[in-house]
Every structure is written in C-alpha cells, then in structure tokens.
Amino acid sequence: MSQTGQRLQDEGSRRQVVMAGATAGLISRFVIAPLDVVKIRLQLQSHSLSDPLSHRDLRGSPIYKGTLRTMRHIVKHEGLTALWKGNVPAELMYVAYASVQFTTYRSATMLLHRLSGGEANRLPPAAESFICGAIAGATATTTTYPLDLLRTRFAAQGNDRVYTSLRRAIWEIRRDEGLKGFFRGLTPGLAQIVPLMGIFFAAYEAARLPLGHLDLPWGSGDATAGALASVTAKTCVFPLDLARKRIQVQGPTRSRYIHKNIPEYAGTIRTIRKIFKHEGTRGLYRGLTVSLIKAAPSSAVTMWTYERVLNFLIAKGIP
C-alpha cells in the first residue's frame, strides 16, 4: 500500500506511473500466461464433453473439460511451451495496456479535479474511481487491441500453425482482412472493458485503504483488494469477453485453429444470441472458472507490483 496513505491516482509523476505500470503488466502477464491459453481454448470451444450431440461436427477438434485437464491435454499433445503460445504479443500488450491504463487513470482524475473547481465540489471517491477507471480501460483497450487479437489467434493455434511468426501474422491479416481485421471484436471489447475497469477501480479503491493495513495470512491487503475487485468485475461482464474471443478468430482462417468447428459470427448482440441459442447460458460462461482463477493472481500481482515499483521510484527520487 502507499506509504503516505494517498489514493492510487494521486501518487507519482507521469513517468513514474508509466514505468510502474509497464513493469506490473510485464510480470503479471508471464505469471498467468498458461491460464490465459487455457481460458482462450475453452472460450472458443462450441461443443461440450457432457453433450454428445455437439460432437457431430468436431472436424478433429479436441474436447476440453476443466482447467487442469485442459492444461494436461495441451502439454501432452503440443508440449509445455504451448502454454505460452501468444506470449510475445501478449507481453507487448500487457506492458502497453498497463502503462496507458494507469497514465490515463491518473490524467482523468486530475482533469476531474480541475473541472470540479475545488475540494468541496468533487465527486464521491467511488464515483470518481468508476469514471476514471472506465475512461482508462476504454483508452487502453482501443490502443492495444491489435495485440490482443494477435494474442488470441496465436493461443488458438494447434500443432498446425496458422501463422509462423508475429511479423507474418501482421502481414497476412493486413493483406487478407485489411486494417479492420486487427479490430475484430472491438465493440464487445469496449462494451466489456468500460464497466469492467470502472467496477474494478471503484471496488479496489473502496477495499484498498481498509484492507491495506491488515497483515493477512495469505498476503498483503493490497493484493487481496485487487483480487476481490477483479473477481467481482470479471464475473459481471464475462459473456461479452467470450463473444469478443469468438469474433476475434473470424475471417479466412476461422477453420484452421485448434477448434476447427468455430461457427461464423457477426455483431456482438447476434453473437451472444447465437451462442445462447445453440449452447445455452452455460455456453456464455465457458472458461469462467479459469478466468476467475486467473483474475485473482493477475490483478493481485499487477497492483502489488505497481505500488511497490511506484513507491521505490518515489523513494529513490527517480523522476
């Protein structure tokens, strides 16, 4: 937690915030990469182990069930390194995303303070955190979205690779799908991230100060606040995240990924309706368990690292 008890967006210079955010994103991404690959594989699976009728059009696609069993299946058939597929664009995305997110969050807060005209006219802390978190999330999502799409497509590859390298992937998407190909699924991404980050930052700020002073047996109060905030936010918006993943792999390469029977989707609402019609409510929450498992350590590591790095930079006087 902050050594001065200040709120998150009031701390550090712009450069210190960028450095701390980038470091936090880099470390967090590497730690949770295997869970991220499992989550993407489950989200893209339109068939179910418990529903034999859905197996009629597998076309050689694997049938995943559960986090650990999916992880073991990937390691057995694709090797240990397959759990880090898409890690290069993902690392670039996480570094850029965290930097843009924290910088925008701080800048938006300072702007609100100037517009309010004084302490007495400021918004309540929770409302302020929600608005600034939503703005920060939308800005970071839009600017880093092509990297997110590349991460998803690489994670969705099986042994028969669709793209041989990151450079080749960028060239082929630009050639075959145009610039708009890099932004497939941006609409549900924005629809998801605004409430996600708004709820996350509001919940984190609400829990951070009361929990920050506690010496909990499983870790610091900062990490616990980050975990609780992330789990709450992700559960609320998960169907939009799943729709985004399904749309990201549309296009000419749709039938070449590990799941070769991914249906065709167009539009956020129509995608959600189609998934609900053919897979039920359960289909909208494929991968939720691993997403929540991933959310806790990811956000905890991100927020813990961010605050420690920021406090270190401030203490050392590094501008």
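With neighbours within four places in sequence left aside, Tyr163 is in contact (heavy atoms within 4.5 Å) with Arg153, Phe154, Gln157, Ala169, Glu172, Ile173, Glu177, Thr253 and Tyr257. The model is predicted, so that local features need pLDDT of at least 70 and side-chain atom pairs count only at pLDDT 80 or more, whereas totals for chains, interfaces and linings use all residues. Residues are numbered from 1 along each chain as its sequence is written, and side-chain values use heavy atoms, with hydrogens and water left out.

Tyr163 is also one of the residues that touch the most other members of the largest nonpolar core, which has 35 residues; such a core is a set of buried Ala, Val, Leu, Ile, Met, Phe, Trp, Tyr and Cys residues joined through side-chain atoms within 4.5 Å, buried meaning under 20% relative accessible area (1.4 Å probe, protein chains only). A second, separate core of 26 residues includes Ala108, Met197, Leu211 and Tyr306.

Helix 1 (residues 14–43) and helix 4 (residues 125–155) pack at an angle of about 65 degrees with their axes 9 Å apart, helices being DSSP runs (H or I, at least four residues) numbered from the N terminus and axes being lines fitted to C-alpha atoms over the stretch in contact, with angles running from 0 to 180 degrees between N-to-C directions. The two helices are therefore roughly perpendicular to each other, a term that covers 65 to 115 degrees. Their contact is made by Arg29, Asp36, Val37, Ile40 and Arg41 of helix 1 and by Arg151, Thr152 and Ala155 of helix 4.

Ala155 is buried, with a relative accessible area of 1%.

Notes
Angles under 35 degrees count as roughly parallel, over 145 as roughly antiparallel, 65 to 115 as roughly perpendicular and the rest as oblique. Buried means under 20% relative accessible area, exposed over 50%, partly exposed in between (1.4 Å probe, protein chains only).
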